[in-house]
Amino acid sequence: MLAAPAFASAALGRRQDVIFPIGRRVLLFTELTVSARSAAPGRSLRQLEEPGASRILAWSRSSSGTNWQWGRLDHELAGNERIAVVATRAGLARLLRVTRASATANQT
């Protein structure tokens with residue numbers, strides 16, 4: 001647990017996802033772009049977290065994922081912001097459903 005912040009910081013500098021096996025579980029460190037047409041804009045980072053499944057590490061207003069902001073879980077997301085997350089496979093799937101544009105939004 002002590003090394004987690006350093007590991008996460010190093011992972012954010014990579015352009016690839018990081019997969020970290022822990023026993024029988026797999027944790028995924030990745031970045032997601034929040035679609036303006038998704039359910040995420042207007043929600044706080046804290047509302048997106050799910051204990052035991054996903055944790056928001058940082059967020060960036062830059063679509064390129066620069067200038068990361070750490071530790072402000074009360075931040076309300078806007079479209080095209082990036083979030084750095086660590087999640088289980090199931091937790092990541094749920095985050096993707098919330099941060100991607102819905103199929104009905106794409107039809108309009």
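The protein exposes about 6,900 Å², and carbon and sulfur atoms supply 52% of that area. Accessible areas follow the Shrake-Rupley method with a 1.4 Å probe. This is a predicted model: local features need pLDDT of at least 70, side-chain atom pairs count only at pLDDT 80 or more, and totals for chains, interfaces and linings use all residues. Residues are numbered from 1 along each chain as its sequence is written, and side-chain values use heavy atoms, without hydrogens and water.

Of the 108 residues, 38% are buried (under 20% relative accessible area). The secondary structure comprises four helices and five strands, DSSP runs of H or I with at least four residues and of E with at least two. Along the sequence the pattern reads α-β-β-α-β-β-β-α-α.

The five strands form an open sheet, ordered S1-S2-S5-S3-S4, with antiparallel pairing. Strands S1 (18–22) and S4 (69–70) are the edges, each pairing on one side only. Pairing requires at least two DSSP bridges between the strands. S3 (residues 54–60) pairs with S4 in the antiparallel sense over two bridges. Trp59 has Gln69 of S4 as its bridge partner. Helix H3 (residues 89–99) packs on the sheet and touches S2 (25–33), S3 and S5; contact means heavy atoms within 4.5 Å.

Arg82 lies in strand S5 (residues 82–87). Arg82 counts as buried because its relative accessibility is 14%. Its side chain makes these polar contacts (N or O pairs within 3.5 Å, one able to donate a hydrogen and the other to accept it; sequence-adjacent residues count only if both atoms are side-chain atoms):

| Side-chain pair | Polar contact |
|---|---|
| Arg82 and Glu31 | 2.8 Å |
| Arg82 and Thr33 | 2.3 Å |

Note on methods:
Buried means under 20% relative accessible area, exposed over 50%, partly exposed in between (1.4 Å probe, protein chains only). Axes are lines fitted to C-alpha atoms, for helices over the stretch in contact, and angles run from 0 to 180 degrees between N-to-C directions.
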